[in-house]
Amino acid sequence: MFASLLLSTALTGCGDAPEPAVPRPSVSFAPVEVDTSPQPVLLSYKPRTDDDPVIAALRVEDRVRPGREFEVSVVLDVAPGYEVRKLGAAPPASPTELTLDLPEGFELVGEWESPQTERSMGLDDHPVHTGEAEFTVDVRVADDVLLVDHELFCKVGYQACTAEQCLRPVEHKLRLRVGVR
């Protein structure tokens, strides 16, 4: 409505003439380059079965370069009502174990980082993982590594338990082909 009132005033010549617009200083911003494209992810996984209530997945972003580090993650998706022990749990427990077998020119940087634990549903109240638990570790690629596909292997071991019983410990070997470019 305000715009139509201004237009009718200008057309009829009634009222005061509008003041000329005050020039504003021009402001220009340098463009910022942000990579918003989704990062391709390489994935290898073991599905949940009737005998094993845990999905295990090995995941790496598909941006591996010589002389750089990249993150490797293992995700355990534990079915409701089950739990798995933490990494390095003391005997007699069967701890969660993650062992990377890296090709020549790749090396671990540090130790596996674990998500926060919860208290077990069992009587002894030990630390466990439930639901989705993601473990990560960094890997460095040598400057002189061959620019080809390389295979990573990760041995994943765990024992799924309920508040009443534990299933047999299991071990899986996940394999992933990573291209160095």
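# Reading a predicted fold

Me: At 40% relative accessibility, Asp125 counts as partly exposed. What cut-offs make a residue buried, exposed or partly exposed?

Reply: Buried means under 20% relative accessible area, exposed means over 50%, and partly exposed lies in between (1.4 Å probe, protein chains only). Asp125, at 40%, is therefore partly exposed. Ser120 has 7% relative accessibility, so Ser120 counts as buried. In the protein chain, buried residues make up 33% of the 181 residues.

Me: What kind of model is this, and how are residues numbered?

Reply: This is a predicted model, with residues numbered from 1 along each chain as its sequence is written. Local features need pLDDT of at least 70 and side-chain atom pairs count only at pLDDT 80 or more, while totals for chains, interfaces and linings use all residues; side-chain values use heavy atoms, with hydrogens and water left out.

Me: How many helices and strands does the protein chain have?

Reply: The protein chain has 1 helix and 12 strands. Helices (H or I, at least four residues) and strands (E, at least two) are DSSP runs, numbered from the N terminus. Read along the sequence, the pattern is α-β-β-β-β-β-β-β-β-β-β-β-β.

Me: Where do Asp125 and Ser120 lie?

Reply: Asp125 lies in the loop between β7 (118-119) and β8 (127-129). Ser120 is found in the loop between β7 and β8 as well. Look at the backbone of Asp125 too. Its phi is near 60°, a positive value in a residue other than glycine.

Me: Which residues does Ser120 contact, apart from its neighbours within four places in sequence?

Reply: Contact means heavy atoms within 4.5 Å. By that rule, Ser120 is in contact with Glu83, Asp125, His126 and Val128, leaving aside its neighbours within four places in sequence. Now take the whole protein chain. Among its contacts with a separation of 6 or more, residues 24 or more positions apart account for 65%.

Me: How do I read a sheet, and in what order do the strands of the open sheet stand?

Reply: Strands of a sheet pair through backbone hydrogen bonds, either parallel or antiparallel. Here 4 strands form an open sheet in the order β7-β8-β4-β11, and the pairing is antiparallel. β7 and β11 (160-161) stand at the edges with a single partner strand each, so one side of each is left without a neighbour in the sheet.

Me: How many bridges join β4 to β8?

Reply: There are 2 bridges between strand β4 (residues 83-85) and β8, which run antiparallel. Two strands pair if DSSP finds at least two bridges between them.

Me: Next, charges. How many salt bridges are there?

Reply: Side chains of opposite charge can pair when their charged atoms come close. The count comes to 8 salt bridges (a side-chain nitrogen of Lys or Arg within 4 Å of a carboxyl oxygen of Asp or Glu). One of them joins Asp52 to Lys46, with the closest N and O atoms 3.1 Å apart. Asp52 has 7% relative accessibility, so Asp52 counts as buried. Lys46 is buried too, with a relative accessible area of 10%.

Me: Which parts of the chain does the pair Arg59 and Glu134 link?

Reply: In this salt bridge the closest N and O atoms of Arg59 and Glu134 are 2.8 Å apart. The pair links distant parts of the chain: Arg59 is in strand β2 (residues 54-61), Glu134 is in strand β9 (residues 132-141), and they are 75 residues apart. Arg59, at 30% relative accessibility, counts as partly exposed. Glu134, at 33%, is partly exposed as well.

Me: Where do Arg177 and Glu151 sit?

Reply: Their side chains meet in a salt bridge (3.1 Å, N to O). This pair also links distant parts of the chain: Arg177 is in strand β12 (residues 170-179) and Glu151 is in strand β10 (residues 149-158), 26 residues apart. Arg177 is partly exposed at 43% relative accessibility. Glu151 is partly exposed, with a relative accessible area of 24%. Elsewhere, salt bridges that share partners join Glu69, Glu107 and Arg140 into one network.

Me: Last topic, rings. How many aromatic pairs does a search of the whole structure find?

Reply: The search finds 1 aromatic pair. The rings of Phe70 and Phe106 have their centres 6.1 Å apart and their planes at 85°, so the pair is edge-to-face. Rings of Phe, Tyr and Trp (its six-membered ring) pair if their centres lie within 6.5 Å; planes under 30 degrees apart count as stacked, over 60 as edge-to-face and the rest as tilted. Phe70 lies in strand β3 (residues 69-78) and Phe106 in strand β6 (residues 106-113), so the pair ties together parts that are 36 residues apart in sequence. Both Phe70 and Phe106 are buried.
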